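Please have a look at the structure first, and then we can walk through it together.

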Amino acid sequence: MSCAVATLYRENAERPATTFCMTFKIIYFNARGRCEAMRMLLADQGAQWEEEVVTFDVWQAGDLKKTCAFGQLPKFCHGDFEMNQSNAILRFLGRQFDLYGKTHQEAALIDMVNDGAEDLRITYFTFIYKEYETAKSKYIEDLPSHLKYFECLLSKNHGGSGFIVGDQISFADYNLVDLLMIHQVLANDCLKDFPLLKAYVSRICSRPKIAAFLASDDHKKRPISGNGKQ
Ligand code: GTS
């Protein structure tokens, strides 16, 4: 399967980066989970996409799992091109929509922020799926020790008044904002000591196409996590 993925990628790589006519498709469980950042990105960029919602029974049957490069979802399609790994998908969309900074240094910083967001997302998932009942107050108590790094990074870019890196939105902004938003659901006032992050979330979420997406049932009715905990 991994060979097939690589072949498709090479073929597609020869097409111009501005080829958007092919359909984007997200194949995932009924959750915001690892896909809401890509949905926000696609919505904000005015792109259409399809959703294939995978039920537990379908996943357990195993046929779809066999088609996934690492046996897990999400799976993402663009025309005939298929890939997995949520952060690789975000990077792919970053390249497709020119959301990957203006220089190699900006791209490196965008990667750095996105990797930092991934570290916190893994911590969050471990908590949600394995420790929700036993460690909720401890998780919330520890949250500032993670969030302070993002506040600091934001403050260093135009005083925190714009994006996380550079002067245009990047895929890392969508990922970070989604991550901060799900933490606000967990602990409503978790950004109270981080004024730049708080204003940043509001600013990005008020971009018209993101605001419309966030107001849609597609977003509002989709559970944050696969086990319904939030
Ligand atoms: N590193 C992968 C990514 O970022 O895409 C992790 C993917 C992953 O853990 N997928 C889980 C999965 O497929 C679902 S979720 O954690 O994203 O909600 N689980 C089912 C299985 O059989 O492993």
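How far is an oxygen atom of the ligand from an N or O atom in the side chain of Ser 86? The distance is 2.6 Å.

## About the model

This is a predicted model, in which local features need pLDDT of at least 70 and side-chain atom pairs count only at pLDDT 80 or more, while totals for chains, interfaces and linings use all residues. Residues are numbered from 1 along each chain as its sequence is written, and side-chain values use heavy atoms, with hydrogens and water left out.

## Around the ligand

The ligand taken alone exposes 540 Å², and the protein buries 74% of that (areas by the Shrake-Rupley method with a 1.4 Å probe; for residues, only the protein chains shown count as cover).

The shell around the ligand (residues with a heavy atom within 4 Å of it) also includes Phe 29, Arg 34, Lys 65 and Gln 72. By class, this shell has five nonpolar, three polar and two charged residues. Here Ala, Val, Leu, Ile, Met, Phe, Trp, Tyr, Cys and Pro count as nonpolar, Asp, Glu, Lys and Arg as charged, and the others, Gly among them, as polar.

## The largest pocket

Where does the ligand sit? It sits in the largest pocket, meaning that more than half of its atoms lie within 2 Å of the pocket's grid points. On a 1 Å grid over the protein atoms alone, a pocket is an open set of points with protein on both sides within 12 Å along at least five of seven lines, a cavity is a set where a 1.4 Å probe fits but cannot get out, and lining residues have an atom within 4 Å of a point.

The pocket is lined by 19 residues, with Phe 29, Trp 59, Gln 72, Leu 73 and Pro 74 nearest its centre. Elements giving two or more residues to this lining are α3 (56–61) and α5 (86–96). Helices (H or I, at least four residues) and strands (E, at least two) are DSSP runs, numbered from the N terminus.

## Two backbone details

Most residues other than glycine have a negative phi, and most peptide bonds are trans. The bond from Leu 73 to Pro 74 is cis, with omega near 10°, and Pro 74 is found in the loop between α4 (63–66) and β3 (75–78). Gln 85, not a glycine, has a positive phi of about 80°; this residue lies in the loop between β4 (81–84) and α5.

Definitions and conventions:
Polar contact = N/O pair within 3.5 Å; in protein donor to acceptor, adjacent residues only side chain to side chain.
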